[in-house]
Amino acid sequence: MQRKVLVTGGAGFIGSAVCRHLVAEGASVLNIDALTYAGNLESLATIGNAPNYRFAKIDICDRRAVAEAFATFHPDQVIHLAAESHVDRSIMAGDAFIQTNIVGTFSMLEAARAHWQALSGRERDAFRFLHVSTDEVYGSLSENGSFVEETRYDPSSPYSASKAAADHLVSAWARTYGFPAVISNCSNNYGPYHFPEKLIPLIILNAIHLKPLPVYGAGLNVRDWLYVEDHARALDLIVAHGRIGEKYNVGGRNERRNIDVVRGVCAILDRLRPMKRPYESLIAFVTDRPGHDLRYAIDATKLERELGWRALETFDSGVEKTVRWYLDNEWWWRPLREKVYAGERLGVIAEEAGQTSARSPASRLAQATIGN
Ligand code: NAD
């Protein structure tokens, strides 16, 4: 029988990759999404008319609408991705993060629990709820070591704290009600359809427009990168075969310093779209993000061993694909750059911004963004 998967946040970056993957796999998919600034139905253009795909504009905090979606769609599985996801925006205003990431997850848990409790027999045994979370809940690593599933939670930003709170709610629902939930904690994703506020697409698009390439601090912060389609496959495996009440770390073993990521993108652009001087000359070091975690690294051994998952994309092959995708798909990003987000600096605390002098190009760039 065709499995039915309810995806939340399916108009976002990872959610749209999950929907495209599931539809291609033959699952019946209902995507519920509030279409915030980060939600974009254009990312689903390739599956928009597929018979096994449906979309409903729903805010996950709206408990009545969510309950109705469960009642009419009757899902076997839920993959919960809807969230406010940008750390810099959480620094400027935490409200939506608390509302969607915590209250919204509570709303999803309650609707899913009511649905599950009304099921019986095989349907009840098979029902799963996958909560998609981040490695940022673990806080920052020093030079060595990596996050395992048992690593203590120690979030630094309003974003990661709201995701940590949501993870705790999900674990509590599994322990208290025996609710069949699983949690995944993934490292930084990149790939096609990535909203241009995030590092890699921001760098690609600023470079194409010959604008400064902002690098926070000295660019020495390390992130562990995963190609978004590898993440989508991992989530499908976890929702199907993950053990109830367990957590799974997802990561591609691709640690890179931010400055090296930016230089790598520049080198690819030098090859694919050469200009008079190297793109690297556009790099501008800007005021660091407050509370910026130094390093994230994921140990994905549990997922690899238990569920046989492997990242298929290396960082070099994935970034090359991504740069080529942005060069070929201006139709997707141009409206976003023109109408939603033009590349201005986010996440500067007002007080600190006021103290920043306009002496260097870097601080001018930071200042230019204040008030946006
Ligand atoms: P995104 O910001 O691109 O997309 C979020 C989606 O959620 C958007 O389509 C938005 O419209 C929707 N949404 C927001 N508030 C909503 C609400 N109240 N009701 C319904 N829909 C709402 O985010 P993303 O990068 O695709 O991340 C998806 C999930 O994966 C998030 O839960 C995030 O915490 C997690 N995650 C992201 C990364 C990453 O690198 N991007 C890494 C690990 C985990």
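Helices (H or I, at least four residues) and strands (E, at least two) are DSSP runs, numbered from the N terminus. The model is predicted, so local features need pLDDT of at least 70 and side-chain atom pairs count only at pLDDT 80 or more, while totals for chains, interfaces and linings use all residues. Residues are numbered from 1 along each chain as its sequence is written, and side-chain values use heavy atoms, with hydrogens and water left out.

**The whole chain**

Along the principal axes, the C-alpha atoms fill a box of roughly 65 × 40 × 40 Å.

**Burial and contacts**

Of the 372 residues, 56% count as buried, meaning under 20% relative accessible area with a 1.4 Å probe, protein chains only. Contact means heavy atoms within 4.5 Å. Among contacts in the chain with a separation of 6 or more, 81% join residues 24 or more positions apart.

**Lys302**

Next, select helix 10 (residues 301-307), where Lys302 is placed. Is Lys302 buried or exposed? Lys302 is buried, with a relative accessible area of 11%. Finally, display Glu149, Arg243, Glu246, Lys247, Tyr248 and Leu307: Lys302 touches these residues, not counting those up to four places away in sequence.

Methods:
Buried means under 20% relative accessible area, exposed over 50%, partly exposed in between (1.4 Å probe, protein chains only).
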